[in-house]
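Have the viewer open as you read.

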Amino acid sequence: MNFAAIAEKVNSGVRIDEAEALFLFEYPDLLALGELAQTVNERRNGRKVFFNVNRHINHTNICVNRCRFCAFFRRPGEKGAYLMSLDEVRARAEEALQQGATEIHVVGGLHPDLPFEFYLELLATIKAVSPDLHVKAFTAVEIAYLADLAKLTIPQTLEKLKEAGLGSLPGGGAEIFAPEIRNQLCPEKISGAEWLSIMKQVHEAGLKSNATMLYGHLESVADRVDHMRQLRELQDLTGGFQVFIPLAFQPEHSELKIGGSGTSGVDDLRTLAVGRIYLDNFANVKAYWVMLGEKIAQVSLCFGVNDLDGTVVEERIGHDAGAETPQAMSRDAIVAMIRKAGRIPVERDTLYRELHVY
Ligand code: V47
């Protein structure tokens, strides 16, 4: 196996296999890898880079799970534990609308005491602010929890949430699928197979979703490739994933001690680039600047990335774990960041329709 042969395959539109993806992860010439990823991206997306204007609402940090990588969760009654009222949710959605947001991204802990109706009201509250706000809400992990709570099947649960205003799902909770690593990271969480099964049902219910991968902790690069393989296989079946988002582990304040201060810039760029090349059935690869830092996120636009998240307001999950990035980025700042990378900024909606080319 050699790089030139893999590049030739990729350039002629032939899918690479897992051994080849592993080879790319270990290939020392980062710039050659980046160029190949960029060729793949430009074939699909030209020089346009997407962003959207959104606000995150993390309605509660109270969670029955104890994921070892997570610095966000609190036990009920613990210092710092919170649950937003629906009035607080409404106020945040109103503010976001005034700032030009088109999307509200809602994820929270698995709260032990809230009834299913709370989640329906949460969605309805946001939609009442404006029916044009797209609500991207609840990870597959939350969907499994809500179905249990409501004593409904996954499709029935999704139907009720859709009726209340659910527009699509974020990609969180995927972490890393490899069972031996997942059991160390988050033993109480649904398995990788369950996460994939729920996403299949989400797509079958006519909803789009995103897909994430948490990296830079205990996993090997083979685990990353295996994770991406399972995403690619499901995408072949459903076509329901909109974007792949690798999430760089933020090690501060979490129970998981791995030494060092987090992933390296080279590893971040490599992971995004291999993701872009291997996931040939994903239209978009997103750099989440909150976890990557703004500079690596900007440079990633030369390594196959075509989507930046976002003008996030009040992000908690990454910042509780020590992310040093700002809590928000304005539309002007993100447009400038994309332009300075020599790309064309395009504001999109949640479903990747172009709203405005800058
Ligand atoms: O599932 C938790 C991750 C995820 C840490 O779909 C951590 O558009 C790094 O999924 N270090 C939630 N990561 C965030 C998420 C997301 C973010 C932005 C956009 C989208 C989207 C989805 O955050 C969790 C977990 O994988 N996470 N703790 C940490 N210490």
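Which residue has a side-chain N or O atom 3.0 Å from an oxygen atom of the ligand? That residue is Lys286.

## About the model

This is a predicted model, in which local features need pLDDT of at least 70 and side-chain atom pairs count only at pLDDT 80 or more, while totals for chains, interfaces and linings use all residues. Residues are numbered from 1 along each chain as its sequence is written, and side-chain values use heavy atoms, with hydrogens and water left out.

## Around the ligand

There are 23 residues around the ligand, and Lys136, Gly171, Gly173, Glu175 and Gln250 come nearest. A residue counts as near when one of its heavy atoms lies within 4 Å of the molecule.

The backbone takes part too. A backbone N or O atom of Gln250 is 2.8 Å from a ligand nitrogen atom, and one of Gly172 is 3.3 Å from a ligand oxygen atom. For polar contacts, the cut-off is a pair of N or O atoms within 3.5 Å.

## H9 with H10

Helices here are DSSP runs (H or I, at least four residues), numbered from the N terminus. Helix H9 (residues 192-204) packs against helix H10 (residues 221-238) at an angle of about 20 degrees, with the axes 11 Å apart. The axes are lines fitted to C-alpha atoms over the stretch in contact, and angles run from 0 to 180 degrees between N-to-C directions.

On the H9 side, the contact (heavy atoms within 4.5 Å) is made by Trp195, Leu196, Met199, Lys200 and His203, and on the H10 side by Gln230, Leu231, Leu234, Leu237 and Thr238. Six of these residues are nonpolar, three polar and one charged. Ala, Val, Leu, Ile, Met, Phe, Trp, Tyr, Cys and Pro count as nonpolar, Asp, Glu, Lys and Arg as charged, and the others, Gly among them, as polar.

## H10 with H11

H10 also packs with helix H11 (residues 265-278), at about 35 degrees and with axes 11 Å apart. Here Arg224, Met228, Arg229 and Arg232 of H10 meet Asp267, Thr271, Val274, Gly275 and Tyr278 of H11. By class, this contact has four charged, three nonpolar and two polar residues.

## H1 with H2

Helix H1 (residues 3-11) and helix H2 (residues 18-26) cross at roughly 120 degrees, their axes coming within 11 Å. That makes H1 oblique to H2. Phe3, Ile6 and Lys9 of H1 meet Glu20, Phe23 and Leu24 of H2, a contact with four nonpolar, no polar and two charged residues.

Definitions and conventions: Helices (H or I, at least four residues) and strands (E, at least two) are DSSP runs, numbered from the N terminus. A polar contact is a pair of N or O atoms within 3.5 Å; within protein, one must be able to donate a hydrogen and the other to accept it, and residues adjacent in sequence count only if both atoms are side-chain atoms. Angles under 35 degrees count as roughly parallel, over 145 as roughly antiparallel, 65 to 115 as roughly perpendicular and the rest as oblique.
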